[in-house]
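Here's a quick briefing to read with the structure open beside you. Take the topics in any order you like.

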Amino acid sequence: MEGKRTHTLDEIAALVGGRVIGDGAFRVSGIRSLEEATKEDISPFTDRRYLGVVQTTCAGALIVGKETPAFPRHQIVADRPDLACAKTAGLFIPQASGFEGIHGQSFIHESSRLGRDVTVHPGVYVGEDSVIGDRVVLYPGVFVGDRVRIGDETVVHPNVSILHDCSVGKAVILHAGTVIGADGFGFVRDGGRSVKIPQIGTVRIDDGVEVGANCAIDRGALGTTWIKRGVKMDNLIQIAHNVVVGEGTIIVAQTGVSGSVEIGRGVVVGGQVGIGDHVSVGDRAMIGSQSGVAKSIESGEMVSGTPAVPHRLWLKTSRLLTRLPVLNDRVRSLEKKVDALVRRLDGRA
Amino acid sequence: MEGKRTHTLDEIAALVGGRVIGDGAFRVSGIRSLEEATKEDISPFTDRRYLGVVQTTCAGALIVGKETPAFPRHQIVADRPDLACAKTAGLFIPQASGFEGIHGQSFIHESSRLGRDVTVHPGVYVGEDSVIGDRVVLYPGVFVGDRVRIGDETVVHPNVSILHDCSVGKAVILHAGTVIGADGFGFVRDGGRSVKIPQIGTVRIDDGVEVGANCAIDRGALGTTWIKRGVKMDNLIQIAHNVVVGEGTIIVAQTGVSGSVEIGRGVVVGGQVGIGDHVSVGDRAMIGSQSGVAKSIESGEMVSGTPAVPHRLWLKTSRLLTRLPVLNDRVRSLEKKVDALVRRLDGRA
Amino acid sequence: MEGKRTHTLDEIAALVGGRVIGDGAFRVSGIRSLEEATKEDISPFTDRRYLGVVQTTCAGALIVGKETPAFPRHQIVADRPDLACAKTAGLFIPQASGFEGIHGQSFIHESSRLGRDVTVHPGVYVGEDSVIGDRVVLYPGVFVGDRVRIGDETVVHPNVSILHDCSVGKAVILHAGTVIGADGFGFVRDGGRSVKIPQIGTVRIDDGVEVGANCAIDRGALGTTWIKRGVKMDNLIQIAHNVVVGEGTIIVAQTGVSGSVEIGRGVVVGGQVGIGDHVSVGDRAMIGSQSGVAKSIESGEMVSGTPAVPHRLWLKTSRLLTRLPVLNDRVRSLEKKVDALVRRLDGRA
């Protein structure tokens, strides 16, 4: 812990485009939550609900959206405090492993080409005719198959498998344990047996994509499974063969996307969602957590539930769902009243 | 890309048992979808809905179920075009890594026996007293524990872990990141603590099984977790201890099967299904995606939903579910009408 | 199979605190289920529903809760037969790999310190400034990042990744393929782009925790993701950044816990549950399988369903759900009757 990095509030304000209220020469050595901060830390205060905590926090400084008199020490005021915090956190990322270059306890096929300043840790495997860009980092246990392309500055975390013929763009982050390019799930029945349809397509992952831990993105059956620029995927997600995910789309953990689904750009897919095969999801659509999507969704639509319906309808429906016992009682009571009415009328007839 | 493999239509027709309409000497260098094909490719045309695309595709040839005059070039007509396409795709599988034999950067315990023509890549570990069949391929990062048996021609993809005492049959495919034989989840409470029940059973995987990427198949608590011949499992599937999965059953991605479940033969389990413990699922049953199965299912039954009910009932129910607000309004309107009727009758009484 | 371990019933009875009925000198060589046992095995009989099987089992001996005259051979009677079986199974755990010490085909950074009697298998990587406790076992393919702490007697199974700055307590078991300390899923929007919020927190796993295969436990964004003492997690579970899981809590397979959720102690979370972000779950609460929890849950509460409601209400509701078609018919029938009544009254008015 010797030589801890510190930064002055003036430095941070310059980085995030904010202004200091208090002492710009004040130094912080980390960024932590209001609850965990010490007086050497700066803390985010981006949610007014935590105003009470602001009065008791030990933080030496705050990043705020507007001046906060309740806090007695230094502040940096920024238009976008969330963005300012993200940039500030970037100053305090723990240093990555010092090792650089190609470690001898790795295997790189002689036919593959590596860019400049590539880090290959022990236990990495790179197959034939692959091309690895500049400043790529391959962590231990990474498997890179034959004829794979990896763009500049991409980071591949431990025990990731990238199978043959797949391509990964620049500045991509693949988190540990993820599998890119396993065979899609395709069989044809032949007299009671399931005959494997050879999966001879590939996976293409564009620049700036981030894929979480222990995901599986299958190769296309014939064509390409394509994750476009800037897509962000959480952990344990399943992407089946021939899926296309549009630019900037966000997919939360444990969601499953079936074969040949097309997801547009800027879509937000919640966690544990299932999307049925050949479904198309329009740009900027939003799909609530745990939804089951069997039919295509228009651009900008917001859906929830299983089967997925417009989010507002789902809210109504799910409220009524828990009142089903009451509804049932109301219907029974009506039946009695109506029978009584019929009897009254019949009796007088 | 030098030396691209090409095949004549006559060769392909012979392989798939079809007949050529057009020039049997025409050569193709790949199989691709109608949309992606070039004039050097053959394309599947198995779904009449894509008839429009047939008229615009660049494909040099088609595989079809019956003669298709709308397509101006060569055709192969086959009784089972889906099966014919699967066989044709097999001709164009990208060549696997050239390496063969036992690489020096692997570890194989001296007490283990390897069959003929086994490929052991760098970074493989094989423990004590294990037996690996002929022509098995172990990719980098594969862990094979002690006393494991692996049958002939099985392919174990990168970073798969097969723990001690498990057995894997012939011609099995285990996709990357999958774990065979981790401990089942079993504890007994003892004064507020969870005491681990040692999981001393094993996993047995029979011939011709395929398991997707990042699955987990736990060992039995005492007995055996058993995946029978020809079972096909997609990615990210959880199989708990002592489960039995019958011959030829298909399980789609992200499904979870709880302890001691018995699934029959020829069953189809959709994606993201949950099956509760000790449930039994009869032969040829079908379970819809995202279902929650808490009770046993008869042979041939088709169920959906949570809790799972016969599929037709679920279709009805789920349609009515989204009309709950309407139903609620109808009941309210009835209540008003009935109250009005009662008042009318009372007023006149 | 030479030198099979055997134990006398007297030895087992002493271990489990039971008493022998029959011959205490009788030797068993394993513990198996009633169905699979041979006469050399002892079997658990803890569920009276299997009384029929007791009469036909080949088992040489039983562990029972009370004397069982229907079984003609030896018995060990124990107050807690489940606990007795767990202890007995412990006698028959297959021997772990004989290898001990630090294998040369591993990489351990010179700045890291290892305790006594540590086993480091081939293909292990340990980064800078890490500290590994006594008798720890690291299986092949394990990645330990920089500045990681691992407590005494912890077992890390194959292909597990523990990323930088995380800490793992004593006597912890991490099953194969699990990822500890991948980045949490945090982005801020900036003009259509998703800007990564650097995840500079850590993961802390306390003593006695067990984590299943292919799980993902993300590091905190700023603070700590904390799995407390004695927590037991099944396979394929997602724990997002800044989650806290209380002592002794049990989480079943494929459940996903969103960011900043706080789960109390002694909670039981079923399989395939989703818990929304910032939710708090009280001590000893129980959450049914496949539930979707969007709101906080009180201590001791038992909830089920999506959205999660009290378990009893869910039971009622889900029964009524499948009777929706009937309810719909009843409402239609009421509407007709009421219309008829209105007409009758109008006609006579």
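Predicted model: local features only at pLDDT ≥ 70, side-chain atom pairs only at ≥ 80, totals over all residues.

- Let's zoom in on B:Ile162: leaving aside neighbours within four places in sequence, B:Ile162 is in contact with B:Phe143, B:Val144, B:Gly145, B:Val148, B:Val168, B:Ile180 and B:Gly181.

**Domains of chain A**

- Chain A splits into domain 1, covering 7-91, and domain 2, covering 107-312.
- Going by C-alpha atoms, the centres of domain 1 and domain 2 of chain A are 37 Å apart.

**An eleven-stranded sheet in chain B**

- Eleven strands of chain B make an open sheet with mixed pairing, in the order 10-13-16-19-24-27-30-33-36-38-39.
- At the edges you'll find strand 10 (119-120) and strand 39 (309-310) of chain B; each has a single partner strand, so one side of each is left without a neighbour in the sheet.
- Inside the order, strand 30 (residues 250-251) of chain B pairs with strand 33 (residues 268-269) of chain B in the parallel sense, over two bridges.
- Across that pair, B:Ile251 sits opposite B:Val269.

- Which way do the residues of strand 26 (residues 224-227) of chain B point? B:Thr224 and B:Trp226 go one way and B:Thr225 and B:Ile227 the other, and all are buried.
- Strand 23 (residues 202-205) of chain B runs parallel to strand 26 of chain B, and four bridges join them; here B:Thr202 stands opposite B:Thr224.
- Strand 26 of chain B is also joined by two bridges to strand 29 (residues 244-245) of chain B, again running parallel, with B:Trp226 facing B:Val244.

**A ten-stranded sheet in chain C**

- Chain C has an open sheet of ten strands with parallel pairing, ordered 8-11-14-17-20-25-28-31-34-37.
- Strand 8 (107-108) and strand 37 (292-293) of chain C are the edge strands, and each has a single partner strand, so one side of each goes without a neighbour in the sheet.
- Strand 28 (residues 238-239) and strand 31 (residues 256-257) of chain C pair in the parallel sense over two bridges, and C:Gln238 stands opposite C:Gly256.

**Where chain C meets chain B**

- On this interface, 58 residues of chain C are in contact with 58 residues of chain B.
- Helix 3 (81-91), helix 4 (311-321) and helix 5 (324-348) of chain C each supply at least two residues of the side that touches chain B.
- Helix 5 of chain C gives the largest share of that side, ten residues.
- By class, the side of chain C that touches chain B has 26 nonpolar, 25 polar and seven charged residues.

**How the copies relate**

- Chain C superposes on chain A by a rotation of 120 degrees with 0.1 Å of shift along the axis, at an RMSD of 0.1 Å.
- That's the relation of a three-fold axis.
- Only 19% of the interface residues of chain C are also interface residues in chain A, so the copies meet through different surfaces.

Key. Residues numbered from 1 in each chain as written. Chains lettered and ligands numbered in written order. Domains from an automatic or database assignment. Contact = placed C-beta atoms within 7 Å. Pairing = 2+ DSSP bridges. Nonpolar A, V, L, I, M, F, W, Y, C, P; charged D, E, K, R; others polar. Least-squares fit on C-alpha atoms with pLDDT ≥ 70 in both. Buried ≥ 20, exposed ≤ 12 C-beta atoms within 10 Å, placed from the backbone.
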